[in-house]
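The following paragraphs walk through a structure, from a single residue to the contact between chains. Please keep the sequence and the model in view while reading.

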Amino acid sequence: MIRFEHVTFTYPDAEVPTLVDVDFVVPEGELCLVVGTTGSGKSTLLRAVNGLVPRFSGGTLQGRVWVDGRSTDEVPPRELADVVGLVGQDPAAGFVTDVVEDELAHVMENLGVAPDVMRRRVEDVLDLLGLHELRNRPLGALSGGQQQRVAIGSVLTAGPRVLVLDEPTSALDPAAAEEVLAALTRLVHDLGITVLLAEHRLERVVQYADRVVLVGGPGQPVVCGEPAEILAAAPVVPPVVELGRLAGWSPLPLSVRDARRAAVELRTRLAPLVPASPRSGGAPASRVTRDLHQNAVGGARPVGEVVARAEGLHASYGPVAALRDVDLELRAGEIVALMGRNGAGKSTLLSHLVGLKVPGRGTVLVGGREPHSLPAREVVRSAGLVPQDAGLLLYHDTVAAECTAGDRDADLAPGTTRAVLDRLVPGIDPRAHPRDLSEGQRLALALAVVLAAEPPLVLLDEPTRGLDYPAKHRLVRILGDLAAEGRAVVLATHDVEVVAEVADRAIVLAEGEIVADGPAREVVVHSPVFAPQVAKVLAPEPWLTVGEVAAALEQLAGSGSAS
Amino acid sequence: MSPTSRSTRPRRLLHPGAWWLWAAGLAVVALRTTNPLLLGLILGVVAFVVASRRSDAPWAMSFAGYLKLGAFVIAIRMVFPILFGNRLPGTELFTIPSVTLPGWAAGVSIGGPVTVEMLVGAFYQGLRLAVVIVCVGAANTLCSPYRMLRALPNALYEAGVAVTVALTFAPQLAITARRVREARRLRGRPTKGPSAWRGSMLPVLEGALERAVALAASMDSRGYGRHGQSPAAIRRTAAALTLGGMVLVAIGAYGVLDPSVPFVLRAPALLAGGAALAGALVMGGRRSDRTRYRADRWLAAEWVVSVCGLVAVVGVVVSGRLGGTLDPSVYPLEVPQLPVAAALGVLVAVLPAWVAPEPPELATVPSSVEAAASARALEVAA
């Protein structure tokens, strides 16, 4: 259905080609997952399927891309609309009309589909994607998951043979992501549509994939094959595969279900042990010492004084309450994960802690003062926030200029910001434009700008969006260091795997209220939505990460050989 | 019977053309009078109909914005004559110091006595403009601008989509500007003053440009601008006729208003332009490569609503013939009388509050906080 024939693509002004000699075939009716590190050219590959690359992007493309027997160098994207449906990273940015139903019909109006056929197809797609209750809704009034489903529906009504999606679940909470993926698998199974999908959060999608295309990065070859085969050697794998590699399971499990069946033996081996808390560096404790361990300082971390406090905090947007009666204390040296659905009030809470919003009722105190009544210059010294789109914090055209401006903004000695940046991620070219950095490097730069003023409270909004696994591991290490320096770190996130790796405490928000607040392990392990893959595989044993299991297995091996 | 009572009629959205004809009728009445009583009556009628027949979509919340804009226009209209007005004799309220301008600015006077007549006259003029704005706003509130564009003939479809995209530009710009301002505060930079403006311009425009490119890519991959099988010759002719027709109509419309223009450029130009446009529409309509999803139907209610607007226009014309006080005298100041025929006509235009079907419920509550926040941003931008 999709055939790449020796495709090499170079962006204008780029020295090395982004895609080199890409050559693979996706047969009809398969769900094909495109994986690779950030900046490896996944989006480029996807956009080449309907010819947006190179027709929209510029650059030169050698070789040929065939879709349903048509070559993209002969027909422009708009003439391929009835064959390829393409959904971009930000669904809302692609909406043309203002109501769900009209948005679904738009592509058919362009194609000249007869009105009665159009009507029937819209109804079919509404049912297929579970959108029938939203048919008259204005697009602006939809949640993230709903918008994503409408975006899929808006290309599906054309009856395409191929659906191409760029990170369809990256902005969604776990439940909304399930919703979208369920809809996609239905399309593949019932309608035989070929789906090509790029995603960083492999743990969410890999079990549905029939085929995996691994994009290596500039200059690297692109490999295509069976999921288990490709992932056995891939640099980016979900935790369940990592666990499988560690335990030496064969065939490699791709889903939690397969892994659970393979893990019976591992569970019994691990049963006598309990995991050490994250970052304490200690070995797993045996069951006997567990109670002692838990009584010691309420977990393993020494927590300092209160850095920020919210009491009876209320906030609202018009008639909709965003936060209701939130009481919260944040202490130095702890890493707090803020979880909950899209729109549960996570970002609103962070905005209040840095004084971007004035509380409707209740108080917010950071370092003993109200952040919203302080001038901006003072706030940055007590609390720093890296927003969801970290690029928003960056205005200058080189990394060096950005660092200099950072020093100037916060009245710091020249070179401070650069020093912080080098500690986070060494070796970023000072002449590079912030836009040209990888997602992870850009996040590090924004974080350096925020950290240079040494705020005791550091807040991050969805920091792992768009990060690949190596970049996530770096972020986890950085956050650990920040907490060790005695800062309070809060991250609002949907990424349960990162929460499992790094957080001491987890807070779950629902409809603006705190519904759970406690040690991360307790909050996360038994939640069907927020449990990480390892916890699901090893339940009821409370293990959260592959690292913990690895340490435990090492200890078992050590004690086994000693006795 | 109250207009909000639950009727057994099915809920549906009225054809946008009907609302626009109705609103245009009332706007024409407003343009033909400065009588504050009649203008007030129009305002009341429009507000009542909007309140009873608007939907709960975000764009339907913008009526208050139009009212504020109207009030602002009146205020501006009254400040200007106080500063620069021609100083006719009248009942003096107070005097502001006058400035003697140098010779080259002769004819412009600043300051001087302020009279009641002057203020009342300015108020009448401002009110008229405000009511026209509110009429247009009412049409926009009662049906989304996008629906109106959808109802345009096929030949204008692509231009219509371009206009819709442009309409979403301003609210999006407002949202981006807010995020950039917040980001500046996060970096400890001032969020007010000229340096803040300079610093925010670039990221805001960059954001807008990126969005535009993303939208263009999405539209292209969804077949916008597809030519399909229609012959190029017909396409080009239709485009030329549309463009030429619009130019002729513009010239003709100006000619009709300005008597000093040669006769050929007046009614004949207008007619020729109209004919060219009609031709373009027919040719465009023949193209079979684009269809309309659930085109709005024109039923009895649509006829009644648009005829109500027409009746209001007839009323004001009849009033003018009968010598009703459409333009009450300001010099000397007199108490305005209500022109009966025109008032009756405007009162007929309140009927849509009952005759028009109730709109379906669209979004009773935004489904998330994010959605509420963006809806609010749209409202502020509007």
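Which residues does Leu246(A) touch, not counting residues up to four places away in sequence? They are Val546(A), Val549(A) and Ala550(A), where touching, or being in contact, requires C-beta atoms, placed from the backbone, within 7 Å. This is a predicted model, in which local features need pLDDT of at least 70 and side-chain atom pairs count only at pLDDT 80 or more, while totals for chains, interfaces and linings use all residues. Residues are numbered from 1 along each chain as its sequence is written, and chains are lettered from A and ligands numbered from 1 in the order in which they are written.

Leu246(A) lies in helix H9 (residues 239-247) of chain A; helices (H or I, at least four residues) and strands (E, at least two) are DSSP runs, numbered from the N terminus. Leu246(A) is partly exposed because 14 other C-beta atoms lie within 10 Å; the cut-offs are 20 or more for buried and 12 or fewer for exposed, with partly exposed in between. Its C-alpha atom is separated by 16 Å from that of Arg261(A), 15 residues apart along the chain.

The largest nonpolar core has 199 residues, of which Leu196(A), Val499(A) and Val524(A) touch the most other members. Such a core is a set of buried Ala, Val, Leu, Ile, Met, Phe, Trp, Tyr and Cys residues joined through C-beta atoms within 7 Å. Helix H17 (residues 439-451) of chain A gives the most to this core, nine residues. Apart from it lies another core, of 45 residues, including Tyr124(B) and Val305(B).

In chain B, the axes of helix H1 (residues 16-31) and helix H2 (residues 36-53) come within 10 Å and cross at roughly 165 degrees; axes are lines fitted to C-alpha atoms over the stretch in contact, and angles run from 0 to 180 degrees between N-to-C directions. H1(B) is therefore roughly antiparallel to H2(B), a term for angles over 145 degrees. Leu26(B), Val29(B) and Ala30(B) of H1(B) meet Leu39(B), Ile42(B) and Val46(B) of H2(B).

Between the chains, 63 residues of chain A are in contact with 55 residues of chain B. H3(A) supplies the largest share of the side of chain A that touches chain B, eight residues. That side divides into 35 nonpolar, 18 polar and ten charged residues; Ala, Val, Leu, Ile, Met, Phe, Trp, Tyr, Cys and Pro count as nonpolar, Asp, Glu, Lys and Arg as charged, and the others, Gly among them, as polar.

Conventions:
Angles under 35 degrees count as roughly parallel, over 145 as roughly antiparallel, 65 to 115 as roughly perpendicular and the rest as oblique. Two residues are in contact if their C-beta atoms, placed from the backbone, lie within 7 Å.
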